[in-house]
Amino acid sequence: MAITFKQVDFTYQPGTPFATNALTDINVTIPTGSYTALIGHTGSGKSTLLQHLNALLKPTSGTVTIGERVITPTTSNKDLKSLRQQVGIVFQFPESQLFEETVVKDIAFGPQNFGVSEEDAHQTAAKMLALVGLDQSLLERSPFDLSGGQMRRVAIAGVLAMQPKVLVLDEPTAGLDPQGRLEMMQMFARLRHEQELTVVLVTHQMDDVADYADNVIVMDQGRVVKTGTPREIFADPQWLTEHQLGLPKTTAFAQTLREQGWQFDQLPLTEDELAQMLKSQLAPSLAPSHFGEGTAHDE
Amino acid sequence: MMNKLIFGRYVPGNSVVHRMDPRAKLLLSFYFIGIIFIANSWLTYLVLFAFTLAAIYLSGVKWSFFINGVKPLIWLILFTVVLQVLFSAGGGHVYFQWGIITISQSGLINGVYIFCRFVLIIFMSTLLTLTTPPLELSDAIEYILMPLKVVHFPVYEVALMLSIALRFVPTLMDETEKIMNAQRARGVDFGEGNIFQQMRAVVPLLIPLFVSSFNRAEDLATAMEARGYQGGEGRSKFRILKWQMRDTWATISFAVLTVALILLRA
């Protein structure tokens, strides 16, 4: 399901002295099946844009097209349920949305709101719990007894249980340890393929953008300042610095090597890619016959 | 929803009213409510309105804020006015009588007076909250409550509680909005359906709010303890309240107003 923004402006509390302009002239498309990363420093309008993805906010002017539905400033707040079901949003620190007595009830809460029977919803809940890598024995526990990481997984399962077509993730790994972060990101990549999801990821982790995304939207001061593939975005380190954004670790490392006189046709994004590039440059001096083959790029 | 909570919200500014001592503002606002009851004629109400509007003018805050302050209470005011008009036995010409319902000249006039009183009180208290940061208000309350220490009233603790409560109002509102969004994304409709559906919709909002409030309270207590917080006697203040010339002038102007009202009273 594609989501298209056309000349979208958004102002908080318009017509009051507290009016603040959050989005200006947004024209951007999130294609079906893409893994889109939304980046930009704090206050650039990412979160506001995100809330337009399932019509939690409506544009002050312009239109947002979500699948078949067109959201305009005058769209009624009713009948938005099907949209909310199709676009699942995992907000920052989603564990704060847990409220039920048991894990299974909390995960089943979303689907039941969309008219799924209790029995079916509970079955889905059990499936989703497995999907996010938690043990079935947790189903009847109180969500408030779980560890922070487990709570977050339960909350994510609660969004997945609605079986959305688009999964929106707002800094899903904030506050997790490195191992937890890696597991979480791999889980989303796996879910994306298994459930054929369109994924939108808001993040400050450029490594995640390089590793997982195939489409990047860069925001600054309420505007979209650049869109493209990660390779296009990370090709210009100076431009990124100007917009208070960093490089993935690997790319930054290659950049340092380049300054030391190494030659790269293009900056690598992932560790594998860097390894390949280094290998192909080192190979002639090591053992040419053996290493010469491995120059193919692997994305 | 959050847009409508303008009543009682601080609007930053640098006017004479903004710079007044919060103690003066708080005490004079209460005093004002008292002297409103001296007024009993058109002329005295006119004087009160002129005084209030002058104060609003000095604050530099837009008129619309004050009108918005009255709006949420308009039905309560009208209800009171209607009661006054229909059931006051008073004298003067009787226009209409049916059972215990009497519409008389004095009843109508009293109704208008009551309406004026409400509007004046709301304008003045809105002026107080619009021009005074909440934390300054709580400092003022702490100062004013000081005499109660004699009877072992926990003044410092109450003031601290008040400051903390006020400090966390915006935080709690942000939190509410965040959790509402998260639950709306999970298919909850707030403010729709019949009363039972609406009450049920509140549960997924209130429980997370309670949980996060308790967590935050614990964090705050730990943070305060870690920084060696000790309340009570001898604790110095970051914001020091200073009585200045303008506060004296404001007090004098209220005194003049009082004298004027007493003299002009019918």
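Val216(A) lies in strand 9 of chain A, which covers residues 215–220. Helices (H or I, at least four residues) and strands (E, at least two) are DSSP runs, numbered from the N terminus. This is a predicted model: local features need pLDDT of at least 70, side-chain atom pairs count only at pLDDT 80 or more, and totals for chains, interfaces and linings use all residues. Residues are numbered from 1 along each chain as its sequence is written, while chains are lettered from A and ligands numbered from 1 in the order in which they are written.

Is Val216(A) buried or exposed? Val216(A) counts as buried because 23 other C-beta atoms lie within 10 Å. The cut-offs are these: buried means 20 or more other C-beta atoms within 10 Å of the residue's own, exposed means 12 or fewer, and partly exposed is in between, with C-beta atoms placed from the backbone. Leaving out residues up to four places away in sequence, Val216(A) touches Ala37(A), Ile39(A), Val209(A), Thr227(A), Gly228(A), Thr229(A), Pro230(A) and Ile233(A). Contact means that the C-beta atoms of two residues, placed from the backbone, lie within 7 Å. Arg153(A) is 63 residues from Val216(A) in sequence and 25 Å away in space, C-alpha to C-alpha.

## Two domains in chain A

Chain A is assigned domain 1 (32–43 + 78–242) and domain 2 (249–291). Such bounds come from an automatic or database domain assignment. The C-alpha centres of these two domains of chain A are 34 Å apart.

Eight residues of domain 1 of chain A contact eight residues of domain 2 of chain A. On the domain 1 side, helix 7 (206–212) and helix 8 (230–233) of chain A are the elements that give two or more residues. Helix 7 of chain A gives the most, with three residues. That side of domain 1 has five nonpolar, no polar and three charged residues. Here Ala, Val, Leu, Ile, Met, Phe, Trp, Tyr, Cys and Pro count as nonpolar, Asp, Glu, Lys and Arg as charged, and the others, Gly among them, as polar.

## An open sheet

Chain A also has an open sheet of four strands in the order 2-1-4-5, with antiparallel pairing. Two strands pair if DSSP finds at least two bridges between them. The edge strands, strand 2 (20–30) and strand 5 (69–71) of chain A, each pair on one side only.

Strand 1 (residues 3–12) and strand 4 (residues 61–66) of chain A pair in the antiparallel sense over five bridges. Thr4(A) has Thr65(A) of strand 4 as its bridge partner.

## Where the chains meet

Between the chains, 23 residues of chain A are in contact with 19 residues of chain B. Helix 2 (81–86) and helix 3 (103–113) of chain A each supply at least two residues to the chain A side. By class, that side has 11 nonpolar, 10 polar and two charged residues.

## Chain B

Chain B is assigned domain 1 (1–132 + 242–266) and domain 2 (133–235). Their centres, taken over C-alpha atoms, are separated by 30 Å. Seven residues of domain 1 of chain B contact 10 residues of domain 2 of chain B. The domain 1 side has five nonpolar, one polar and one charged residues.

Helix 6 of chain B covers residues 105–131. Its buried residues include Gly107(B), Val119(B), Phe123(B) and Leu130(B). Among the elements that cover the buried residues of helix 6 are helix 3 (42–59) and strand 2 (101–104) of chain B.

Key
Expected span 1.5 Å × (residues − 1).
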